[in-house]
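Reader: I would like to learn how to read some features of a structure. Please give the general idea each time, and then the case at hand.

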Amino acid sequence: MFVRSPSSSRLQATLTLVPVAFVVLSVYVGGVLWAAGISFTRSSMLPNYRFAGLTQYINLFANARWQVSLGNMVLFASIFIPVTLLIGYSMAAMINRGVRGENALRTIYLYPFAMSFIVTGLVWRWLLDPNFGIADVARKLGFENASFDWIVNADMAIFTIIIAAVWHSAGLVMVVLLAGLRGVDDDLWKAIRIEGIPAWKAHLYIIVPSIGTSIATALVLMSLTVVRLFDVVVAMTGGGPGIATDVPAKFIIDHMFERQQVGLASAAATTLLLLVLAVAVPLLILKNHRKGGAR
Amino acid sequence: MISKLLLAATTATALCIAASASAQEVKGEVIHQWTSAAESAGVKVLAQKFTELGGTWVDNAISGGPNARSTAVNRVVGGNPPAAMLFNTGAQFVELQTNALLRDLTATAKADNWQNKMPAALLNSGIVDGEIWALPISGNGANWFWFNKPILDKIGVAKPKTWDEVFAALDKAKAAGLTPFTPSGEPRWQRLMFNAVVLGVAGRDTYDAVIYKRDASAVRGEKFKAAVKVFEKLRDYADAGTPGRSWPDSTNLVISGKALMTQGGTWLNGAFAAAGKTAGTDYECAIINPDQGMVISGDVFLFPEPKNAAMTRAQDLLLKAFADVPTQTAFAVANGTIPILKGADTSKLNPCIAEASRFFNDPKLSTGSDQMMFTPAIVGAVEDAITRFSTKGGLTAEQFIEAYAKGLSAS
């Protein structure tokens, strides 16, 4: 039998990783550091290096649109994540009980995720249009006073985006959690049945804790959706009515390109990155911790 | 990964070979955002003239002005500039010029007599320190209101000329159970409409003080406030579907007889024409309170500092094609915009464009748009203020005036 010496296989691994490490360090980390640096300059259309201290950050946090964007992101996250998790878990638990046509159902549930967020956004935009959408169908069915104007109502529009995003992501969360559920030992289910534990109690206290890794994965994926939130907003409301559904990513793109305020946009991007790290790092630590504990 | 790199390398080599093989060919790549039916027809006219002059037109149409412009800027900064790129008339190009990334067009302009060919307002917007950096290519009037003629007849109203007549017509349409007003709800078109109201209500002096001098005290003055009130009143006539609706969708509601009025620049005329409608019998166009004049906007071509002699030649030919009077006029007719060169044959123009052309060529009846005078940062800041005011339950008139005044010093 051919046995590779440990030192040669380590060398090979190192050699393989060098280009990747180089790309990660120079492109990603380098790009992030550069953007962070630019956020302390007066850059407008093109980057320059005239130091401006914290001016861009002071302007950023005095900007009503940025405040609304951040508030929307927090509101979106606090509803989108739990609701998607709940729906995704319910679908996974249902399929896991061995319903007929599992493959077909799984495809249907996952289907929205296969669509671009832009398409999702446009479809929902027309569904929710106060003149031509669901409201019009209801009126034609005889409910003459039917009206559903959330998408053009500044106070409610953000919830229409949450609805579309939940619809889009629930299937993916289901698939991730289903993989976790499939990993639960049959003996555990048998024990639950023998003990006669009610289903909801069994799920809440026994099954959910035992698929912690899958849940952490789903949480990371959903958190990414939250910070990247852009295309569905552009397609559904364009950030409106007014600035009611603006989100940080849209704020950054608008200022980086159309408004030629690279410094301000970089300050916003850097702030967003710090927020992401504040949320993602604890989740990743939790995930790794669980993985280590399970073995 | 490796295979992708290989593929990229082979493609690049192939491109190099192809490029050197056809060194005689004068290739001119043009980045623009003209993608609608009328706009593409216009581009074709320009490309044809360039081909006649011996060039090879390399079309790079990118949907959406900001997308096209950021692509062009990235290409210029990355050292691989196109021969020409389309920007809006105004301050957008200045930073490229300060960084020595643009070709100085002064000599060409002198040789080709641009001074006498183009309206001063347009040409001046491309001048920095006495040198010319931008070639105006299209002109539009921005402060037009558009009416469905059969509805006007039905409610027994003539084409409105004053704000009182506008509101009277809107009330009558409303009373007749019709949708009175369907403006576009996208922030940049809300900004356009706001400027139309400022010029038409507060008057030319106030408008010019705000737009040309960024005078915050004019913004806080009584005349501006009166304009804000009229805008607020107009907003309340807008239908429920307004927020976020694009201008073609909004115009379509007037074209199809579902609504009486919408607002937008001369480009709306193209939408009516494309639907087979005739000005005067199917629709009407009007500037309200026209004595104050028309807001001019437009597009310019910028020519990046050429990388080699071949590119200089291509740019020379492009400049020749774009500033040629018959070509420019044919382009404007196809595109539905105003012919900007003097001596253009206006007989083929539709009545609305012909009327706009009259305003356009009279310095007393035309003034610049905010985009021509403001930096993009200021345009963005006042746009945020306007769109927040345009939303029911958003800013109050007083809060809005403060936000607008503050926006004038954004950077």
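Author: Start with burial: buried means under 20% relative accessible area, exposed means over 50%, and partly exposed lies in between, with a 1.4 Å probe and protein chains only. By that cut-off A:Arg65 is buried, because its relative accessibility is 4%. This is a predicted model, in which local features need pLDDT of at least 70 and side-chain atom pairs count only at pLDDT 80 or more, while totals for chains, interfaces and linings use all residues. Residues are numbered from 1 along each chain as its sequence is written, chains are lettered from A and ligands numbered from 1 in the order in which they are written, and side-chain values use heavy atoms, with hydrogens and water left out.

Reader: With which residue does A:Arg65 form a salt bridge?

Author: A salt bridge is a side-chain nitrogen of Lys or Arg within 4 Å of a carboxyl oxygen of Asp or Glu. The partner of A:Arg65 is A:Asp254, with 2.7 Å between the closest N and O atoms. A:Asp254 lies in helix H12 (residues 248-258) and A:Arg65 in helix H3 (residues 64-96) of chain A, so the pair ties together parts that are 189 residues apart in sequence. Helices here are DSSP runs (H or I, at least four residues), as are strands (E, at least two), and both are numbered from the N terminus. A:Asp254 is buried too, at 15% relative accessibility.

Reader: How many salt bridges are found over all chains?

Author: The search of the whole structure gives 26. One of them joins A:Arg139 and A:Asp136, at 3.8 Å from N to O. These two are three residues apart in helix H6 of chain A, so about one helical turn separates them. A:Asp136 is buried at 18%, whereas A:Arg139 is partly exposed at 26%.

Reader: Where in chain B do B:Glu355 and B:Arg358 lie?

Author: Both are in helix H18 (residues 351-360), three residues apart and therefore about one helical turn from each other. B:Glu355 is partly exposed at 30%, and B:Arg358 is partly exposed at 46%. Elsewhere, salt bridges that share partners make one network, with members including A:Arg65, A:Asp254, B:Arg191 and B:Asp370.

Reader: How many helices and strands does chain A have?

Author: Chain A has 13 helices and zero strands. Its C-alpha trace spans about 80 × 70 × 30 Å along the principal axes. Of its 295 residues, 41% count as buried.

Reader: How is contact read along the sequence of chain A?

Author: Contact means heavy atoms within 4.5 Å. Among contacts in chain A between residues at least 6 apart in sequence, 68% join residues at least 24 apart. Leaving out residues up to four places away in sequence, A:Ala138 touches A:Phe143 and A:Ala146.

Reader: And which residues does B:Thr182 touch?

Author: With the same exclusion of residues up to four places away, its contacts include B:Asp239, B:Arg245, B:Met261 and B:Thr262. B:Thr182 is in the loop between strand S8 (179-181) and helix H10 (187-202) of chain B. At 1% relative accessibility, B:Thr182 is buried.
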